[in-house]
Amino acid sequence: MSKRSVLISGVGPVSGLGLGLDDTWARLTAGETAVAPVRAFDAGAMGATLAAEVSDTFKIRDFVPKTYRKATKVMARDIELAVAAADLAARDAGLSTCANAAPEDASYASDRIGCHIGAGLIAADLDELTDALSASTHPDGSFDIHRWGREGMNALTPLWLLKYLPNMLACHVTIVHGAHGPSNTITCGEASGGLSIGESLRVIQRGAADLCFCGGASSNVNPMAFLRQVMTGRLYGGTDPEAIRPFDECAAGGVTGEGGGIVALEEEAAFRARGGDPANVYAQVAGFGASQTVHRETRNRTPDPAGRGIVSACRAALREAGLEPDAVDVVVPFGLGHPDWDGPEAAALRTLLGDRLAAVPVVATKALAGNLGAGSGGFDLAVAAQILKAQALPAITHRPTPLDGLGATEAAKLETMLVCATGTGGQNTAMVLRRV
């Protein structure tokens, strides 16, 4: 039996660059960065002061039906970003779901809609915890676990925990859009979004769903999450946004951000049957691969210097697509902006593409949008899909002295994209997109 063809019919990128594709693409093509001093809190004493924050104009109430607005009270920032991204993807794809239509008018039956979303470690709101902890201390300020049980926990709202469970991103998206098909949450660091997209691809290929919402979202711009990122040693400690330089000889560290991307994947025949316009399709997901890094010296915290795990994932994706590495026209890599990560990834691309690497543009979105954590894979896939649809590249900036073998800023053709991700802990993903 032939494998079902899977299309990207809608994208919903959310980041400091904008809400939705139009603003995101406009700023990417202009080379405008979202990296700036942290606004959400005073980061002056944390060892890093820059981040890529979503605009203050973002309001989750604008992205849910009026009947669901009460539920936004139990949405942490990560959940809000995922719900907004899914809404944007559904609108972009021209989908009718229970969010905007009666059941009989929906594009798909509920049991044919799946949802797989990558999530990070959601940080609790410090103000909420402070109220609870202040009721759990002795007069001298020391913490009392017994008072926490008797009095402190009563300062938290009854549904407090529901704001911070990683699976709540997918939970709210499935409720809003009536997705009763296969659903899952993946928490594997920056690889989460790519792995979730891969799972949606497999679910549609095996016939368990016709439409899936997939990708990821995350917010590291709050004191607890931001400090965790600082402690990884991967963040740039200076104050110049132009110093975020993925794949550059002078790369000194990355920058964290918030946002992500949800994409709508549809089986091709089902897409046509619902009346979808082929001209609106972004790309076909032609192949997916995943692997595990083995780098004992750092306990897999960073990729091995040769990037062997990254190569393995890329080759698996190309095999499924029935393509050789020579077919790759553009790469959207992980591109963190730290030598311990960029070096192995560049080595992997040299192994994969050989001398051709010098002629293949490598578009690293984190230079402008920051590291979106679990949301990185979905955001990068949305950008890659738009490159194929628009037949244009965004600006490749912040790379004045590219690593050996890199440097192309134009492509001879835009037919096949390779999208990669590498997460803390060693999980790697790769996807091949083909122009439709």
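**A helix residue and the pockets**

Val173 belongs to helix 5, which spans residues 168-177 (helices are DSSP runs of H or I, at least four residues, numbered from the N terminus). The model is predicted: local features need pLDDT of at least 70 and side-chain atom pairs 80 or more, while totals for chains, interfaces and linings use all residues. Residues are numbered from 1 along each chain, and side-chain values use heavy atoms, without hydrogens or water.

With a relative accessible area of 1%, Val173 is buried (under 20%, 1.4 Å probe, protein chains only). Beyond its neighbours within four places in sequence, Val173 is in contact with Ala82, Val83, Ala86, Cys115, Ile117 and Phe213 (heavy atoms within 4.5 Å). Glu80 is 93 residues from Val173 in sequence, yet their C-alpha atoms are 9.8 Å apart.

The largest pocket holds about 570 Å³ of space. Its lining comprises 28 residues, of which Arg77, Asp125, Ser219, Val221 and Asn222 are the closest to the centre. Helix 2 (77-93) and helix 3 (126-134) are the elements that give two or more residues to this lining; helix 2 gives the most, with three. By class, the lining of the largest pocket has 13 nonpolar, three polar and twelve charged residues.

The second largest pocket has a volume of about 330 Å³. Of its 16 lining residues, Gly120, Leu121, Gly189, Asn220 and Gln229 are the closest to its centre. Helix 7 (residues 223-231) supplies the largest share of this lining, three residues. The classes here are four nonpolar, nine polar and three charged residues. Pockets are open sets of 1 Å grid points, 1.4 Å probe, with protein on both sides within 12 Å along at least five of seven lines; lining residues have an atom within 4 Å of a point. Volume is the space filled by probe spheres on the points; Gly counts as polar.

Definitions and conventions: Buried < 20%, exposed > 50% of the residue type's maximum accessible area, 1.4 Å probe, protein only.
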